[in-house]
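Here is a briefing on one protein chain. Look over the sequence and the model first, then read the points by topic.

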Amino acid sequence: MGNIRALGKQASRCLRKTACARVIQMAKPFVSVLIDTYNHERFIEDAIVSVLEQDFPASAREILVVDDGSTDRTQEIVKKFEPRVRLLRKENGGQASAFNVGIPKCEGEIIAFLDGDDWWARNKLTRVVQAMATDPSAGIVGHGIVSVHRDGREQAETLREGFRFQANTMEGARLFRRRGAFLGTSRMTIRADLLRRIGAVPEEIEIQADEYLFTLAAVIVGAQILPEALTYYRLHDGNNFQLASPDPQKLRRKQKSLAILARSLSQELEDLGTDPLVRRAVVEYTEASADQLRLVIDGGWPWETVKTEWKIYGILHPDARFSHRVFKLLILLGALVTTPRGFYSAQRTLKQNGLYQRARARWLPAPEMQHIQKDWRAKS
């Protein structure tokens with residue numbers, strides 16, 4: 001009789017566990033993975049495979065690839081993965097237009113973004129979905145990144161502190177503008193209802209359209225950043241954001257996108273009723289970056305160089321040592337007696353000078369961002 005009772009209790013526990021497992025499975029949100037790509041024939045397979053090999057149920061996710069008018073073998077390679085992957089083809093128009101085509105086609109409650117030249121760690125989707133389930137108030141989740149350099153070396157960057165913030169106050173805006181890099185395309189996962197609230201991205205933002213989405217998401221609802229690196233960001237000659245060389249055409253395209261991005265964000269934040277000081281804090285780095293590229297390309301007045309460089313320096317290094325601030329001011333005194341083009345040309349030359357770089361690293365290294373942990377890894 002005792003054995004029968006024991007077996008009954010065991011069966012009851014098994015049934016409860018099975019029921020709980022079914023509830024958890026039913027509660028798991030359906031996730032859309034949206035991959036934007038353009039002429040990534042060398043990389044797109046790695047991106048897709050990294051999603052297919054996630055430790056996340058295939059039944060709980062879909063994969064959409066928006067091909068932005070590639071002229072190489074990208075489409076041919078993507079088609080090899082059908083029907084597990086849905087290919088959306090369009091004429092070339094830039095990242096914003098790719099998002100505008102892909103997002104309305106997504107059926108998931110959560111949308112995770114991936115650039116066609118990057119790839120994910122195997123537990124990426126599990127971690128971001130867990131984070132959103134744990135914190136329903138987070139509209140966007142980001143995380144650390146591993147930059148894969150052209151020589152094969154890898155550098156991981158993760159956040160030390162300030163993992164949860166909303167950029168609708170001055171404190172939140174200051175946290176946001178130094179943490180935005182953890183919310184870029186291949187890092188950002190956003191709730192679909194929040195994306196519907198944000199609406200279409202202005203299509204003139206051909207580059208860095210992800211910033212439009214993650215900025216508004218962080219202001220409207222709030223962001224959470226996980227303290228681990230879950231994306232591999234590939235540096236190569238075709239990057240539109242991290243430019244390998246000062247290509248005038250790419251620089252001008254990027255400058256135009258940044259300028260439109262800053263104006264569009266400022267207008268959207270004003271429409272949302274964001275405090276003017278907060279609005280300024282949120283967009284001023286993007287504005288300054290656009291101004292910096294304008295000076296590189298078209299030139300301008302020396303005082304514009306000083307103003308722009310000092311603003312960027314203040315945003316990136318608010319805790320810089322006094323000695324380094326003095327050094328930066330001495331450099332900017334030189335900018336007052338030369339043209340912007342001359343200043344930035346000299347700056348590029350010095351960056352390529354090994355002796356100068358070694359001396360700087362030894363005697364006056366660039367200020368470290370204390371909230372970011374950086375770790376170099378050997379070539380894999």
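**Overview**

The chain folds into 14 helices and 11 strands. Helices (H or I, at least four residues) and strands (E, at least two) are DSSP runs, numbered from the N terminus. This is a predicted model: local features need pLDDT of at least 70, side-chain atom pairs count only at pLDDT 80 or more, and totals for chains, interfaces and linings use all residues. Residues are numbered from 1 along each chain as its sequence is written, and side-chain values use heavy atoms, with hydrogens and water left out.

**Whole chain**

- Of the 380 residues in the chain, 49% are buried. Buried means under 20% relative accessible area, exposed means over 50%, and partly exposed is in between (1.4 Å probe, protein chains only).
- The accessible surface comes to about 19,200 Å². Carbon and sulfur atoms hold 53% of that surface. Areas come from the Shrake-Rupley method with a 1.4 Å probe; for residues, only the protein chains shown count as cover.
- Among contacts with a separation of 6 or more, 76% join residues 24 or more positions apart. Contact means heavy atoms within 4.5 Å.

**Nonpolar cores**

- In soluble globular proteins, nonpolar side chains tend to be buried together.
- A nonpolar core here is a set of buried Ala, Val, Leu, Ile, Met, Phe, Trp, Tyr and Cys residues joined through side-chain atoms within 4.5 Å.
- The largest nonpolar core has 53 residues. Phe-113, Tyr-212 and Leu-213 touch the most other members.
- Helix H8 (residues 209-220) gives this core its largest share, nine residues.
- Leu-213 touches Phe-99, Ile-103, Phe-113, Met-188, Ile-190, Leu-195, Ile-198 and Val-201, not counting residues up to four places away in sequence.

**Helix H5 and strand E9**

- Helix H5 (residues 124-134) has these buried residues: Lys-124, Leu-125, Thr-126, Val-128, Val-129, Ala-131 and Met-132.
- Their cover includes strands E1 (31-37), E4 (110-115), E5 (119-120), E6 (140-148), E9 (189-191) and E10 (223-234).
- Thr-189 sits in strand E9. Thr-189 is buried, at 0% relative accessibility.
- Thr-189 touches Lys-124, Val-128 and Met-132, among others. The partners of Thr-189 also include Ile-110, Ile-111, Ala-112, Gly-139, Ile-140 and Val-141. That list leaves out residues up to four places away in sequence.

**A loop position**

- Ala-181 is in the loop between helix H6 (170-177) and E9.
- Ala-181 counts as exposed, at 55% relative accessibility.
- Ala-181 and Glu-211 are 30 residues apart in sequence, with their C-alpha atoms 9.2 Å apart.

**Salt bridges**

- The whole structure has 16 salt bridges. Each is a side-chain nitrogen of Lys or Arg within 4 Å of a carboxyl oxygen of Asp or Glu.
- Glu-62 pairs with Arg-86, with the closest N and O atoms 3.4 Å apart. This pair links distant parts of the chain: Glu-62 is in strand E2 (residues 61-68) and Arg-86 in strand E3 (residues 86-90), 24 residues apart.
- Glu-62 is buried, at 12% relative accessible area. Arg-86 is partly exposed, at 32%.
- Arg-252 pairs with Asp-298, and their closest N and O atoms are 2.9 Å apart. Arg-252 belongs to helix H9 (residues 248-271) and Asp-298 to helix H10 (residues 276-298), 46 residues apart.
- Both partners are partly exposed: Arg-252 at 42% and Asp-298 at 43%.
- Arg-294 and Glu-304 form a salt bridge at 3.2 Å, N to O. Arg-294 lies in H10 and Glu-304 in helix H11 (residues 302-316), so the bridge ties together parts 10 residues apart in sequence.
- Arg-294 is partly exposed, at 26%. Glu-304 is buried, at 15%.

**Packing of H10 and H13**

- Two packed helices are described by the angle and the distance between their axes.
- The axes of H10 and helix H13 (residues 340-351) come within 7 Å and cross at roughly 100°. Axes are lines fitted to C-alpha atoms, for helices over the stretch in contact, and angles run from 0 to 180 degrees between N-to-C directions.
- H10 and H13 are therefore roughly perpendicular; that label covers 65 to 115 degrees, with under 35 roughly parallel, over 145 roughly antiparallel and the rest oblique.
- Gln-292, Leu-295, Val-296, Ile-297 and Asp-298 in H10 meet Pro-340, Arg-341, Tyr-344 and Arg-348 in H13.
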